[in-house]
Amino acid sequence: SPPDYVELLLTHEMTHVATRRAAGPHIPLWVDEGLAEWMTRPPGDDADLYYANQVAVGAVQPRLATDREFRRGNAEELFLHYQSSRTAVAYFIERWGYNKFFRFYKTLGDSHNDSGGRAQHLRSAMRRFTKLSSI
């Protein structure tokens, strides 16, 4: 219903406001939007089930969207970008914990003074906090 949608939208946008001080230019939108979506909705809701089903039947290839892809596309494409981001953040938090995700997020945000590109900072932070060599 519309009041529920307004509450979801406000929660999502307030998450962005709350993380603004920790954010920085090296935080990809999939991390930022994934966190906002993770904060907004309970796990296993209709959107999660729909997305999981689409992946399971091969209708959707699970991948993380580029920042540019978050700025264009139709409603279905944008939904899939947000949902894949939410899924990635949820996995990170379930596997390594919220505190480690928060430190990962803050590390990405603090990297604006470091040399190197955005992808390098993401790989470095991912290795540091998850021990994964690539994403």
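Colleague: Which residues do ring pairs link into a cluster?
Modeller: In this predicted model, the cluster joined by ring pairs consists of Y91, F92, W96, F101, F104, Y105 and F129.

Colleague: How many aromatic pairs does a search of the whole structure find?
Modeller: The search finds 10 aromatic pairs. One of them is formed by Y50 and F79, and this pair is tilted.

Colleague: What makes Y50 and F79 an aromatic pair, and why is the pair called tilted?
Modeller: Their ring centres are 5.8 Å apart, and the cut-off for a pair is 6.5 Å.

Colleague: Where in the chain do the two partners sit?
Modeller: Y50 belongs to helix α3 (residues 46-56) and F79 to helix α5 (residues 75-96).

Colleague: Why is Y50 called partly exposed?
Modeller: Its relative accessible area is 35%. Buried means under 20% and exposed over 50%, so Y50 falls in between. F79, at 26%, is partly exposed by that reasoning too.

Colleague: And H16, how do you know whether it is buried or exposed?
Modeller: H16 has 7% relative accessibility, and under 20% means buried, so H16 is buried. This residue lies in helix α1 (residues 2-19).

Colleague: Which residues is H16 in contact with, leaving aside neighbours within four places in sequence?
Modeller: Those are D32, E33 and A36.

Notes: Residues are numbered from 1 along each chain as its sequence is written. This is a predicted model: local features need pLDDT of at least 70, side-chain atom pairs count only at pLDDT 80 or more; totals for chains, interfaces and linings use all residues. Side-chain values use heavy atoms; hydrogens and water are left out. Rings of Phe, Tyr and Trp (its six-membered ring) pair if their centres lie within 6.5 Å; planes under 30 degrees apart count as stacked, over 60 as edge-to-face and the rest as tilted. Helices (H or I, at least four residues) and strands (E, at least two) are DSSP runs, numbered from the N terminus. Buried means under 20% relative accessible area, exposed over 50%, partly exposed in between (1.4 Å probe, protein chains only). Contact means heavy atoms within 4.5 Å.
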